[in-house]
Amino acid sequence: KVKHPGILYDRGKILCQDPDSEVRKIMAGETMKRICHAVGTDITESKFLERIMQLLYDSDLDIKVLAIDTVADILEVLSEEFKKEKLLPILIDFMSSINEAV
């Protein structure tokens with residue numbers, strides 16, 4: 001496991017906000033999955049889930065879909081407490097925002 005993900009986090013933050021949607025698609029997909037599996041539970045929960053949630057609310061539908069797939073893929077990395085207390089409310093809010101948009 002990666003113990004000090006500072007540069008990963010800094011680069012990831014920049015790339016998740018890149019104006020080029022292709023860059024954000026790469027981050028929303030396999031790249032973020034690999035990072036989260038590499039850094040483990042604590043760092044994923046404290047640092048990288050915020051980036052994934054940012055991608056979840058991206059204006060590009062393809063990026064949203066990739067971000068949802070990433071969340072599903074990294075569920076095994078997240079603690080049960082985190083899933084119940086933090087992730088579930090975020091996903092409920094996300095689903096509500098989609099319903100409002102339709």
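This is a predicted model: local features need pLDDT of at least 70, side-chain atom pairs count only at pLDDT 80 or more; totals for chains, interfaces and linings use all residues.
Residues are numbered from 1 along each chain as its sequence is written, and side-chain values use heavy atoms, with hydrogens and water left out.

Q: Why is Thr70 called buried?
A: Its relative accessibility is 1%. Buried means under 20% relative accessible area, exposed over 50%, partly exposed in between (1.4 Å probe, protein chains only). Therefore Thr70 counts as buried.

Q: Where does Thr70 lie?
A: Thr70 sits in helix α4, residues 61-74. Helices are DSSP runs (H or I, at least four residues), numbered from the N terminus.

Q: What is Thr70 in contact with, leaving aside its neighbours within four places in sequence?
A: Ala28, Gly29, Met32, Lys33 and Ile52. Contact means heavy atoms within 4.5 Å.

Q: Why does Val77 count as buried?
A: Val77 has 9% relative accessibility, so it falls on the buried side of the cut-off. Its place is in the loop between α4 and α5.

Q: What makes a set of residues a nonpolar core?
A: The residues must be buried Ala, Val, Leu, Ile, Met, Phe, Trp, Tyr or Cys, joined through side-chain atoms within 4.5 Å. The largest one here has 24 residues. Among those with the most contacts inside it are Met32, Ile52 and Leu87.

Q: Which helix gives the most to this core?
A: α3 does, with 7 residues.

Notes
Helices (H or I, at least four residues) and strands (E, at least two) are DSSP runs, numbered from the N terminus.
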